[in-house]
Amino acid sequence: MEQTVESALRDAGLRVTAGRVTVLDALHSIPHSDADQVFRVVARELPTTSIQSVHNILADLTEAGLIRRIEPAGSAALYERRIGDNHHHVVCSRCGAIADVDCVAGHAPCLDPSSTSGFAIQSAEVTFWGLCGDCQRDAAQ
Ligand SMILES: [Zn+2]
Ligand SMILES: [Zn+2]
């Protein structure tokens, strides 16, 4: 059974508010979104919301471990609800499109560095870069 947004918030020790629920719902339908994109979706349901409150909610949810924040080079911080599986991302170097890439070996950290300098490795965060399908077609023309 999939956990409801409300019980996920409660389990994380956060109060259930319309803003938090709407932000989580928005990230479910548009993963890898930045704060502006989330704000536009949330504002449709909660017209009184502000971009600042969306930023605050995203920070709270990230800190509580309910969403993951990723920051590909050259991009605004992006947020997603797929957490805890150490998955990676592939980013289009031309248009910035982004997609999930499953963990390379199935479990964290999934990549073994040749040297860890004495660190105990917990996770690996990899960004693959390339051209998305649309940009490949454009480039071929
Ligand atoms: Zn592209
Ligand atoms: Zn992802």
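Beyond residues up to four places away in sequence, Gln122 touches Ala108 and Pro109, contact being defined by C-beta atoms, placed from the backbone, that lie within 7 Å. The model is predicted, with local features requiring pLDDT of at least 70 and side-chain atom pairs counted only at pLDDT 80 or more, whereas totals for chains, interfaces and linings use all residues. Residues are numbered from 1 along each chain as its sequence is written, and chains are lettered from A and ligands numbered from 1 in the order in which they are written.

Gln122 is located in the loop between β4 and β5 (127-130); strands (E, at least two residues) and helices (H or I, at least four) are DSSP runs numbered from the N terminus. Gln122 is classed as exposed because it has 8 C-beta neighbours inside 10 Å; the classes are buried at 20 or more other C-beta atoms within 10 Å, exposed at 12 or fewer, and partly exposed in between, with C-beta atoms placed from the backbone. Between the C-alpha atoms of Gln122 and Ala8, which are 114 residues apart along the chain, the separation is 24 Å.

Strands β3 (residues 88-92) and β4 (residues 98-101) run antiparallel and are joined by 4 bridges, pairing requiring at least two DSSP bridges. His89 has Asp100 in β4 as its bridge partner. The two strands, β3 and β4, form a hairpin with 5 residues between them, and Gly96 in the turn has a positive phi of about 85°.

The protein chain comprises domain 1 (5-79) and domain 2 (86-140), with bounds taken from an automatic or database domain assignment. The centres of the two domains, taken over C-alpha atoms, are separated by 23 Å. Domain 1 and domain 2 each contribute 5 residues to the contact.

How values were computed:
Contact = placed C-beta atoms within 7 Å.
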